[in-house]
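Subject: Structure for you to look at

Hello,

I am handing over the structure below. Please open it first, then read the notes that follow.

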Amino acid sequence: MMFSPTLPNSYDARDRASLIHQQTDLKAYRDDGGTLMKRGEGIWVFDESGNRYLEAMAGLWSASLGFSEKRLAEAAYKQMLELPYYHTFFGKGNLPSVDLAEKLLSIAPKPMSKVLFQCSGSEANDAAIKLVWYYHNAIGKPEKKKIIGRVRGYHGNTVASVSASGQPHMHSDFDVPLPMFRHADNPNYYRFHEDGESEEDFSSRMAANLEALILAEGPETVAAFIAEPVQGGGGAITPPAGYFDKIQPILRKYDILFLVDEVICGFGRTGNLWGSETYGLVPDMVSCAKALSASYQPISALMISEPIYEALVSESDKLGSFGHGYTYGGHPVACAVALETLRIYEERDIVGHVRRVSPVMQEGFKALEDHPLVGNARGVGLIAGVELMADKAARQPFDPARKVGTLVQGKCQEVGLIVRAIGDRIAFTPPLIITDDEAAEMCSRFAKGLDAAWSELK
Ligand code: PLP
């Protein structure tokens, strides 16, 4: 699918003349343009020229109910007529935010005390980090300030959440990370295990390295560890066997809070309601967003444990106010849409559906390990990462300058499949409503994209 030549008044021309696209090579975009979507239907989106694409990333790992769920539009409309806006500052609030907070607490992966609503995953994680600092000041441990993220972790783009992220391209020239952030190893077993090292041994090495980092920093200065159950923006990397079982006791040993970023994994993605369930995580705080509202409205939630909440209460009592908030945090329309989303998940047993359909996708990608370009395919539920390799036997990656991932992504788009290349890893997180037939179609289009890329490379 090639783009039609740019007409002076086309959307393409107007877009290039007026917008900055996020996470985009701006010069390439200015020169070549991109793809503007016009409408959606189920798991499919249509660009302005009418080309149809299977959205294998659900947008940004997020449009869990696809692109045409009318009930969510109706929920938004109804709430807009009733009360289109009210904030949660200065002791005021609105009814949908109460209903949603209560609902989230009733389904939290571990008993949680309270919910703070924000507008994006970045803001939820940013708030989590601020609360870590506030909490430690409140309990008289002001020296506990360092936050440990992981290499290739993705927690957002505010100054603090990007500092916790381990994405070099998001740090370069933005003068981040802030000085109190550190990064533990990337847990990509396929790429980084030593010859003969089992997954369990690799996980033990990851845990030992984390403990060594904590000891080198001084445990009395380390406040929190933040992790996604499955690393999304790192390339859809599932944790190796035993990884979190080995990490969590270390956090407890050194009195380090565990912030679990469920922004991608929350609400069924891994085949359980939470990634925390899939991997046995015991968080002190949980952030979620994206599938919370099926991404039809910008909303995120941060759930916090009772001891943290009690510290917030005593500190805000001392200071006279809990000095944090956003105009749109707890927006009634976003909360109403999120509530309707959660109702739909329950009515349609979305978790059960993910469990039933995911083998079609996971086995389809596993079969592609025979393809000359594919080194490894691995995933859980409806999230998977496929790693492209120059020399599979030697586990030798391509020279990054060849941009093989980007080539594959482009070839997939030409056959009507939207995937995301993260370096040379291709990520998949289709809408959770994908059917068996659509999952098979996704795998077969991906195989065509791989073949087209391979015929250019060999
Ligand atoms: N956390 C994770 C795991 C994410 O994948 C993302 C975004 O992709 C974020 C946080 C940031 O969310 P947002 O883009 O809504 O700020």
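Two strands count as paired if DSSP finds at least two bridges between them. Keep that in mind for the sheet, which comes first. Please also note that this is a predicted model.

The sheet

Four strands make up an open sheet, in the order β11-β12-β15-β14, and their pairing is antiparallel. At the edges are β11 (374-380) and β14 (420-422), each of which pairs on one side only. From one strand to the next the twist averages 25°. Between β11 and β12 (residues 383-388) there are six bridges, in the antiparallel sense. Within this pair, V374 stands opposite L388 in β12.

Helix α16 (residues 404-414) packs on the sheet, where it touches β12, β14 and β15 (425-428). The direction of α16 makes about 180° with that of β14.

Helix α16 and helix α17

Helix α16 also packs with helix α17 (residues 436-457), at an angle of about 125° and with the axes 8 Å apart. Angles from 65 to 115 degrees count as roughly perpendicular and those over 145 as roughly antiparallel, so α16 is oblique to α17. Their crossing is right-handed. On the α16 side the contact is made by V404, L407, V408, K411, C412 and E414. On the α17 side it is made by R445, F446, G449, L450, A452, A453, E456 and L457. By class, nine residues of this contact are nonpolar, one is polar and four are charged.

Helix α5 and helix α14

Helix α5 passes α14 in a left-handed crossing. From α5, the residues P96, S97, D99, L100 and K103 meet P332, C335, A336, A338, L339 and L342 in α14. The residues of this contact divide into eight nonpolar, one polar and two charged.

The ligand

Which residues are closest to the ligand? They are S120, G121, S122, G156 and V263, out of 16 residues that surround the ligand. The largest share, three residues, comes from α6. By class, the shell has six nonpolar, eight polar and two charged residues.

Regards

How values were computed:
Residues numbered from 1 in each chain as written. Predicted model: local features only at pLDDT ≥ 70, side-chain atom pairs only at ≥ 80, totals over all residues. Left-handed = near helix turned anticlockwise from the far one by under 90°. Helix = DSSP H or I, 4+ residues; strand = E, 2+ residues; numbered from the N terminus. Contact = placed C-beta atoms within 7 Å. Nonpolar A, V, L, I, M, F, W, Y, C, P; charged D, E, K, R; others polar. Axes fitted to C-alpha atoms, helices over the stretch in contact; angles between N-to-C directions. Near = placed C-beta within 6 Å. Parallel < 35°, antiparallel > 145°, perpendicular 65-115°, else oblique.
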